[in-house]
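Here are a few notes to read with the structure open. They follow some ring contacts and then a helix pair.

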Amino acid sequence: MRAFFMVGGRKLSYLDFGGPGTPVLALHGHYNEASAFTPLAEALAPRWRVIALDQRGHGDSDRAPDYERDGYVADVAAFHRHLGLGPVPVLGHSLGGVNAYQYAARHADRVTALIVEDIGAVVDSDWRFTRRLPRRAPSRQALLDALGSLAGCLECSVRRSEDGWGLSFDIEDTVASQKALSGDHWPDWTAVACPTLLIRGTRSDELAAGHARDMIARRAGAARLVELAAGHVVHHDAPAGFTAAVTAFLSGSG
């Protein structure tokens with residue numbers, strides 16, 4: 001079920017995949033939206049009920065005046081309040097992973113378990129790549145062809161508009177968001193109090209193996225690492241392994 005709520009005059013959209021299970025909040029990465037978690041939600045049901053946010057400027061959510069760290073975290077807090085849920089597990093990929101661990105660090109009483117997919121405590125986003133993405137194409141297939149190897153991961157973000165086919169995020173907004181994401185976030189990572197699972201793709205160009213191990217070491221037994229044969233979008237590249245790791249972690253932490 002798709003639904004909406006308002007924050008500061010902006011509309012935020014989310015997908016509640018429903019079911020009787022324990023809620024898990026899910027936060028997507030740049031270039032994606034809530035529907036990217038559809039396969040994971042189906043695989044986790046009925047034990048877990050995934051509720052995924054279209055983050056500011058993505059999917060069916062409104063564009064925002066800025067894409068700074070505090071704004072993203074405030075959106076997650078508003079999302080959680082809107083749902084009327086108690087403490088829950090939170091899962092995030094890339095951009096969503098940083099948002100998830102910053103939310104967990106700053107609202108420790110609201111997060112029971114944390115899953116971070118392929119993003120570090122220090123981030124250096126290559127925003128120049130974003131400006132090379134195709135902006136419009138005459139057909140859906142032409143856009144997917146222009147995306148090349150990225151088509152599988154970005155297919156959920158493809159939209160038709162009056163001037164052709166494009167992606168459900170603004171290129172310059174995404175550049176601003178990536179610039180604001182870059183930085184040293186160690187204080188938030190080390191402040192997380194709940195059990196944490198860090199999932200890394202062994203072919204990732206975003207999270208280096210050494211940095212991932214340092215993240216685990218600095219959490220002194222409160223976090224563990226799973227590495228899967230995948231690139232940066234682990235839930236897409238290795239869905240079965242990703243689901244198994246998430247299921248085992250959630251079952252053990254909750």
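This is a predicted model: local features need pLDDT of at least 70, side-chain atom pairs count only at pLDDT 80 or more; totals for chains, interfaces and linings use all residues.

1. Arg-47 places its charged end over the ring of Trp-48, 4.2 Å from the ring centre. Arg-218 does likewise with Trp-186, its charged end lying 3.7 Å from the centre of that ring.

2. On to ring against ring: seven aromatic pairs turn up across the whole structure. Take Tyr-31 and Phe-129, whose ring centres are 6.3 Å apart; their planes meet at 55 degrees, so this pair counts as tilted. Tyr-31 belongs to the loop between β3 and α1, while Phe-129 is in helix α4, 98 residues apart in the chain. Tyr-31 is buried at 12% relative accessible area, whereas Phe-129 is partly exposed at 28%.

3. Tyr-31 also pairs with Phe-169, with centres 5.5 Å apart and planes at 35 degrees, so that pair is tilted too. Here the partner comes from the loop between β9 and α7, and the two residues are 138 apart. Phe-169 is buried, at 7% relative accessible area.

4. Have a look as well at Phe-5, Tyr-14 and Phe-79, which make up one aromatic cluster.

5. Last, the helices. α2 (residues 69-83) packs against α3 (residues 95-106) at about 70 degrees, and their axes are 9 Å apart. Angles from 65 to 115 degrees count as roughly perpendicular, so α2 is roughly perpendicular to α3. Residues in the contact include Tyr-72, Val-76 and His-80 from α2, and Leu-95, Val-98 and Tyr-103 from α3. By type, the contact residues split into seven nonpolar, three polar and three charged.

Note on methods: Residues are numbered from 1 along each chain as its sequence is written. Side-chain values use heavy atoms; hydrogens and water are left out. Axes are lines fitted to C-alpha atoms, for helices over the stretch in contact, and angles run from 0 to 180 degrees between N-to-C directions. Helices (H or I, at least four residues) and strands (E, at least two) are DSSP runs, numbered from the N terminus. Angles under 35 degrees count as roughly parallel, over 145 as roughly antiparallel, 65 to 115 as roughly perpendicular and the rest as oblique. Contact means heavy atoms within 4.5 Å. Ala, Val, Leu, Ile, Met, Phe, Trp, Tyr, Cys and Pro count as nonpolar, Asp, Glu, Lys and Arg as charged, and the others, Gly among them, as polar. Rings of Phe, Tyr and Trp (its six-membered ring) pair if their centres lie within 6.5 Å; planes under 30 degrees apart count as stacked, over 60 as edge-to-face and the rest as tilted. Buried means under 20% relative accessible area, exposed over 50%, partly exposed in between (1.4 Å probe, protein chains only). A charge sits over a ring if NZ of Lys or CZ of Arg is within 6 Å of the ring centre and within 35 degrees of the ring normal.
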